[in-house]
Number of protein chains: 2
Amino acid sequence: MKIAVDAMGGDLGLRITIPGAVQAAKENDLDVVFVGAKEQISPEVARWGGKPSDFPIIDAPESVGMGDGMFALRRKKRSSIRIGIQLVRDGQADAFVSMGNTAAVVAMARQILGPLPGVNKPALSLLIPTLKGHTLLLDVGANANCQTEDLAQFAVMGKVFMEQVMGRPNPSVALMSIGEEEGKGNELTRQTFDRLSVSGLNFIGNIEGKDLYAGKADVIVSDGFTGNVALKVSEGVIETLFHMARREITKNLFAKIGLLLMKGHLKRIYKRVDYSEYGGAQLLGLNGMCIVGHGRSNSNAVKNAVRLAREFVVKRVQDRIREELARTVAPGEVKA
Amino acid sequence: MKIAVDAMGGDLGLRITIPGAVQAAKENDLDVVFVGAKEQISPEVARWGGKPSDFPIIDAPESVGMGDGMFALRRKKRSSIRIGIQLVRDGQADAFVSMGNTAAVVAMARQILGPLPGVNKPALSLLIPTLKGHTLLLDVGANANCQTEDLAQFAVMGKVFMEQVMGRPNPSVALMSIGEEEGKGNELTRQTFDRLSVSGLNFIGNIEGKDLYAGKADVIVSDGFTGNVALKVSEGVIETLFHMARREITKNLFAKIGLLLMKGHLKRIYKRVDYSEYGGAQLLGLNGMCIVGHGRSNSNAVKNAVRLAREFVVKRVQDRIREELARTVAPGEVKA
């Protein structure tokens, strides 16, 4: 098992990618190949306790910035993102992990790997923390425009992930909408509701935004525009709340002492809701495995992402998605 | 100036609507007409210090529950919501305020009042608290399916509200999308971006979900599906966070003391972000003024909603919207 890791990714780059990936290789049965600026990576591997001979490096001297647009991306033929994904395409790596520019990874992966047979649109999925564990939300931004059948495929892919990787038996699937009753929502969700009702999946109906973090479903399906807004709004609310808390509380001595006493606990809560701590988002439905983490990731997130990539391969998620999609026949269609 | 108030609305009904509206009438130059179950309202008015002769009551014995569907709504010909809106239509009240079932108020208002001339779709708008004051978000749920021209009209209506009622000169307008650059988003937002760019409004471009509470724009325009999801997700995040905080903190004595010391401050923060404290959402673009508050509203929110309704009428928001819409000509159209 070989996982290619984008050494240059993330706001902190090598300082988090190398220790995270080295640790993942130590703790799990897997090999890591680093992709990035070779002369920068070598000393870091040794510094973080990795045996250089155990960690091959594929030189990719160009790096894609967090703010780089698609034009820059196309121009950079030797970026760590492009070369990492090519390794997967060419069978030289089983999966690719990057904490870099999400839009760049999604675009490159789509172009270089292409979708799995039977998949209309690969989706970006994210495990979000809830009061009861984790829910998989997809799509969180790979596809701004979706059709009913795309969402039905997202549901199948999400179900397979939760079943295989997270070990949830018969995962429940909900549809993100603006009212719980059937018939609530926009044209897309209304049609998708009907479609999912006859899909054979464990479809539990619509879910409202307020229940996103309530843990009511194993999988929540959404078009990529709405999913991305939901995620970014969550991020914004948390940041605003912590900002207000700091401003409000430093006005008063007792509150300051209170904050001091509570600090460790607040931090723990923040960690639970801050998705940069998690392993990253999974691109589902591609002809090759890619995981892309938050730019703010720390080394622990990198370690988790590499471990997640391994689970993905071990559990043969790709094969299962293909099988399940082949089995799920659109209503009216005749099974071959 | 006469404001009709739905006495039966809100989770707490008469206990919040009567004191809130009585107080609003005392503090402002306006008359309140209560709509609801007459025999229940009379004693409450006196109890909260209102002179019964100052507060006429229009009997509306049927009430619409928070969970009532459209079928129940149509059947209830004498509900406080229906009769209150009819008062506005018939010129017997200048505006209607309800803390009742939002979907019911929106549906009834649309049916009974109809849109203002030139308005495709009336929108539900909400003032949301930000780090720098307030931003008006619309549509937050009246229209699940929207076209470019609808969003352009929302922008005009929102601009008029912020200018007239909130006193913001030349309000800035942003478009809710999933990337700040032009060209990011789904088909609807891409087209709307182009449309707003030539609208003559102070259009500042796309805004991402994470900046919803950052106070970057005076008005944020969105289709009603996305706007509603954004709002409900915010609600969910805050509830989840406070839930986690309580659970986390009661595990440890020091943290408990800390929480005790911070309690007042946390409550104040919660109030700032909890939109049930605010005056309620405004239906913009209807041929008559309606404000609908959160079901969890307290008497203070009712008071604010009534005062807001008064501002609306005093500032002639309806006329201004008509004027601005007539002035804003779609590209390619020739001004009459």
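**Strands, a helix and a contact**

Student: Which residue in β10(A) is the bridge partner of Ala123(A)?
Tutor: In β10(A), Ala123(A) has Leu284(A) as its bridge partner. This is a predicted model, where local features need pLDDT of at least 70 and side-chain atom pairs pLDDT 80 or more, while totals for chains, interfaces and linings use all residues. Residues are numbered from 1 along each chain as its sequence is written, with chains lettered from A and ligands numbered from 1 in the order written.

Student: How many bridges join β5(A) to β10(A), and which way do they run?
Tutor: Three bridges join β5(A) to β10, residues 281–284 of chain A, and the strands run antiparallel. Pairing takes at least two bridges found by DSSP. Strands are DSSP runs of E, at least two residues, and helices are runs of H or I, at least four, both numbered from the N terminus.

Student: What about β5(A) and β6(A), how do they pair?
Tutor: Six bridges pair β5(A) with β6, residues 133–138 of chain A, again in the antiparallel sense. One of the links is Ile128(A), whose bridge partner in β6(A) is Thr135(A). A hairpin of two residues leads from β5(A) to β6(A).

Student: Is β5(A) mostly covered or uncovered?
Tutor: Strand β5(A), residues 123–130, is mostly covered, with seven of its eight residues buried. Buried takes 20 or more other C-beta atoms within 10 Å of a residue's own, exposed 12 or fewer, partly exposed in between; C-beta atoms are placed from the backbone.

Student: New topic: which residues of α7(A) are buried?
Tutor: In helix α7, residues 187–197 of chain A, the buried ones are Leu188(A), Thr189(A), Thr192(A), Phe193(A) and Leu196(A). They span an arc of only 135 degrees around the axis, so they sit on the same side of α7(A).

Student: What covers them?
Tutor: The cover includes α6 (148–164), β7 (172–177) and β8 (202–208) of chain A.

Student: And chain B, how many strands are in its open sheet?
Tutor: Eleven strands form the open sheet in chain B, with mixed pairing, in the order β3-β2-β1-β4-β11-β10-β5-β6-β9-β7-β8. At the edges stand β3 (57–59) and β8 (202–208) of chain B; each has a single partner strand, so one side of each has no neighbour in the sheet.

Student: How do β1 and β4 of chain B run?
Tutor: Strands β1 (residues 2–6) and β4 (residues 95–98) of chain B run parallel, joined by three bridges. Ile3(B) has Ala95(B) as its bridge partner in β4(B).

Student: Now the two chains together: how many residues does each give to the contact?
Tutor: Chain A gives 48 residues and chain B gives 48 residues. Contact needs C-beta atoms, placed from the backbone, within 7 Å. On the side of chain A that touches chain B, the elements giving two or more residues are α8 (224–249) and α9 (253–273) of chain A. The most come from α8(A), with 19 residues.

Definitions and conventions:
Arc of directions from axis to C-beta.
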